[in-house]
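Visitor: I'm new to this one. Can you walk me through it?
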Amino acid sequence: MTVYLLGTLDTKGAEVGFLRDLLHQLAIPTCIVDTGCLGEPVIAADISRHEVFQAAEWLLDNVRLEGDRGKAVSLAALGATRLIREAHTRGEVDGIMSLGGSAGTSIGTSAMRALPLGVPKLMISTLASGQTRPYVGSKDILMMNAVVDIAGINRISRVILTNAAHAMAGMVRRDASVIETSPAVDRPLIAATMFGVTTPCVERARQILEGAGYEVLVFHATGTGGEAMEGLIADGLFAGVLDITTTELADELVGGTLTAGPTRLTAAGRRGVPQVISVGALDMVNFGPRNTVPDQFKNRQFYEHNTTVTLMRTTVDENLQLGAELGRKAAAAKGPTAILFPRKGVSAIDQTDKPFDYPEARQALLDGIRSTHGAVELMELDHHINDPEFAEAAARKLLELIR
């Protein structure tokens with residue numbers, strides 16, 4: 001039950017030593033990895049230099065890069081990532097824990113992202129209350145806010161670090177039998193994408209798929225959700241994909257906040273996984289509060305979903321481009337693929353008498369798909385995306401493709 005404990009000992013030696021002692025008190029063995037590269041390590045009195053570097057098999061050979069902080073951090077991240085990946089391959093990593101500011105967070109989470117889903121990952125960071133996506137990515141990394149700078153053991157840091165140590169101990173000691181005896185464990189998996197404005201569709205389709213003997217994992221199409229799904233598809237986890245909500249393509253094209261990157265809608269095609277693709281929420285681009293929308297869009301049509309989410313209606317030209325991209329990616333698939341198009345609307349707010357009802361944009365989206373989908377089946381249904389009939393057609397088509 002070894003926890004790998006990463007820290008820049010040239011600046012955080014005392015704190016790493018404190019964490020190590022806490023874990024040992026909880027009967028959790030540790031392996032300390034020194035990720036510092038700018039100065040001499042400051043090692044706690046009861047941690048020998050031999051213990052740190054011998055146990056860690058440190059790949060950078062303790063090279064110090066005086067003055068070049070950027071290069072030092074990059075090399076430390078590369079070294080730590082390689083070290084952790086190799087240790088996990090040998091079956092030695094039951095959990096990973098790190099602490100730090102911007103550099104320590106970058107290094108620690110780089111190593112954590114190299115580990116598969118389910119390995120406990122805990123990052124104590126001064127950046128945990130801000131934008132964490134660059135550090136977490138699509139992985140199950142737990143980030144704990146350090147509250148104060150990690151600069152000594154004091155009345156606040158002592159509480160934070162103690163809570164973190166107990167959290168890690170709880171995670172590595174979890175009762176695996178609870179997971180392993182789940183009745184759904186041996187059921188084949190299907191991935192599905194959902195947004196609030198496509199929930200009725202996915203929920204109805206999920207009922208049908210689960211009734212057919214599958215377990216459905218639903219991913220929230222918020223950028224990280226789509227990114228996580230693509231990664232798990234590439235890992236070979238799924239028997240099929242119900243990609244109802246491809247809204248992240250719109251954010252990537254137009255510049256919204258919920259993009260999943262240019263590789264969205266490619267993993268299933270590359271791997272040959274059966275997939276049903278639709279156009280859920282391609283009527284919208286996502287931004288934060290209204291005052292955060294870039295000035296270049298000031299004359300566009302908006303809908304305030306709530307106080308923190310502002311939706312912008314996609315234009316006819318954008319829909320034409322989105323349809324063409326979706327069609328191209330579907331046509332490149334190596335496995336069974338079908339596209340389902342709901343003629344009466346692609347989201348809860350894109351239908352008659354709703355804010356984003358825009359028939360011309362929907363037609364452009366369909367025209368774009370028609371221009372590029374090639375031999376892939378395109379089913380045009382005279383339903384709204386949230387109509388039960390559409391959801392049932394999507395689920396049954398996916399079952400057909402899987403069989």
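Guide: Here is a short tour, from the whole chain down to two residues. Keep in mind that this is a predicted model.

Visitor: Okay. How many helices and strands does the protein chain have?
Guide: The protein chain comes to 14 helices and 14 strands.

Visitor: And how much of the chain is buried?
Guide: Of its 403 residues, 53% count as buried.

Visitor: Let's zoom in. Where is Gln275?
Guide: Gln275 is in strand β9, which covers residues 275–277.

Visitor: Buried or exposed?
Guide: Gln275 is buried, because its relative accessible area is 3%, under the 20% cut-off.

Visitor: What does its side chain make a polar contact with?
Guide: The side chain of Thr337, at 3.4 Å.

Visitor: Which other residues is Gln275 in contact with?
Guide: Beyond its neighbours within four places in sequence, the contacts of Gln275 include Val241, Leu265, Pro336 and Leu401.

Visitor: New topic. Where does Pro29 lie?
Guide: Pro29 lies in the loop between α1 (9–25) and β2 (30–34).

Visitor: And how accessible is Pro29?
Guide: Pro29 is partly exposed, with a relative accessible area of 40%.

Visitor: Which residues is Pro29 in contact with?
Guide: Met1, Thr2, Val3 and His24, leaving aside neighbours within four places in sequence.

Visitor: How far apart are Pro29 and Leu5?
Guide: In sequence, they are 24 residues apart. In space, they are 10.0 Å apart, C-alpha to C-alpha.

Note on methods: Residues are numbered from 1 along each chain as its sequence is written. This is a predicted model: local features need pLDDT of at least 70, side-chain atom pairs count only at pLDDT 80 or more; totals for chains, interfaces and linings use all residues. Side-chain values use heavy atoms; hydrogens and water are left out. Helices (H or I, at least four residues) and strands (E, at least two) are DSSP runs, numbered from the N terminus. Buried means under 20% relative accessible area, exposed over 50%, partly exposed in between (1.4 Å probe, protein chains only). A polar contact is a pair of N or O atoms within 3.5 Å; within protein, one must be able to donate a hydrogen and the other to accept it, and residues adjacent in sequence count only if both atoms are side-chain atoms. Contact means heavy atoms within 4.5 Å.
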